[in-house]
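Student: I would like to learn how to read aromatic contacts in a model. Can we work through a case?

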Amino acid sequence: MYGEILKFGSYIVDALVEYEHPIFIYIPPNGELRGGAWVVIDPQINPDKMEMYADVESRGGILEPPGIVEVKYRQTQQVEAMHRHDEKLKKLDADVAKAEGAEKKQLEQEIKARERQLLPLYTSIAVTFADLHDKTGRMKAKGVIREGVEWKNSRRYFYWRVKRRVLQDHFVRKLREADKRFNHSGATDFVKKWATESKVAWEDDKAMVSWLESQDVSSKASDCKVTYLKAHLQAMFSELPEADQQAALAEVAGGQSPGSPESGDKAGCSLM
């Protein structure tokens, strides 16, 4: 069974890596995403396409709070904290340092009794503190989710978010086809730049949908392609020896294609 879980988990990861459309993960109210389940659907698998969200009452993390406490804040550390903060224990510590014999043993027993009395309280506080790190606010602060979304608002939120991502990714794909230098984030930055210049709030999905629907994507992609081809030609031209640069310019000015039979160029890559 263990091997089967690993096998099918790897299938999910492989599929997510190759998927080319927006992917949304949402942790519902009172839901928890832990351990290996998180690893299988972590947005870092395909950061260009995957986004994770969580309800404000959900939790997420590798270990549950009691497990974190057992690893990060064990009983010995809790006892040390008791002796730093509890006034009664601090007094007993001072008294036991001066006492001897039977009196010292009696004080040590009182210290142990006080520690046992306080331990459930300190453990409860530690678990509550660990639980705070699994809440939506902390997950967002650490960058493992994009946003906290309340269940009652989730349908409206994801309607606009999905629509925006579909339109935006179409725009990005056209730009990348036009300019081979672009990766996904680079093309997205250009879309963001144009939206900002148009006074559109980048974080407002509804406003972005309206703006994206009004754009002539083909025209912008065509402009990008012209810019790319110019830069590409300039880079190739700069690699020619200076004498060949002048000859190529003369041939272009004369209406001949460099390397054509009419140009007299015998050193080209023609197969004829």
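Student: How many aromatic pairs does a search of the whole structure find?

Tutor: Twelve. Keep in mind that this is a predicted model.

Student: What describes a pair of aromatic rings?

Tutor: The distance of the centres and the angle of the planes. Now take Tyr157 and Phe158. Their ring centres are 5.4 Å apart and the planes stand at 85°, so this pair is edge-to-face. The cut-off for that class is over 60 degrees.

Student: Are these two residues buried or exposed?

Tutor: Tyr157 has 23% relative accessibility, so Tyr157 counts as partly exposed. Phe158 has 16% and counts as buried. The limit for buried is under 20%.

Student: How are the planes of Phe182 and Phe190 arranged?

Tutor: At 65°, with the ring centres 5.0 Å apart, so this pair is edge-to-face as well. Phe182 is buried, at 13% relative accessibility. Phe190 is partly exposed, at 33%.

Student: Which residues do ring pairs link into a cluster?

Tutor: Phe24, Tyr26, Tyr53, Trp151, Tyr157 and Phe158.

Student: What about charges over rings? Where does the charged end of Arg164 sit?

Tutor: Over the ring of Trp202, 4.6 Å from the ring centre. The distance cut-off for such a contact is within 6 Å.

Student: And which residue lies over the face of Trp194?

Tutor: Lys220 does, with 4.7 Å to the ring centre.

Notes
Residues numbered from 1 in each chain as written. Predicted model: local features only at pLDDT ≥ 70, side-chain atom pairs only at ≥ 80, totals over all residues. Heavy atoms only, no water. Phe/Tyr/Trp six-rings, centres within 6.5 Å; stacked < 30°, edge-to-face > 60°. Buried < 20%, exposed > 50% of the residue type's maximum accessible area, 1.4 Å probe, protein only. Lys NZ or Arg CZ within 6 Å of the ring centre and 35° of its normal.
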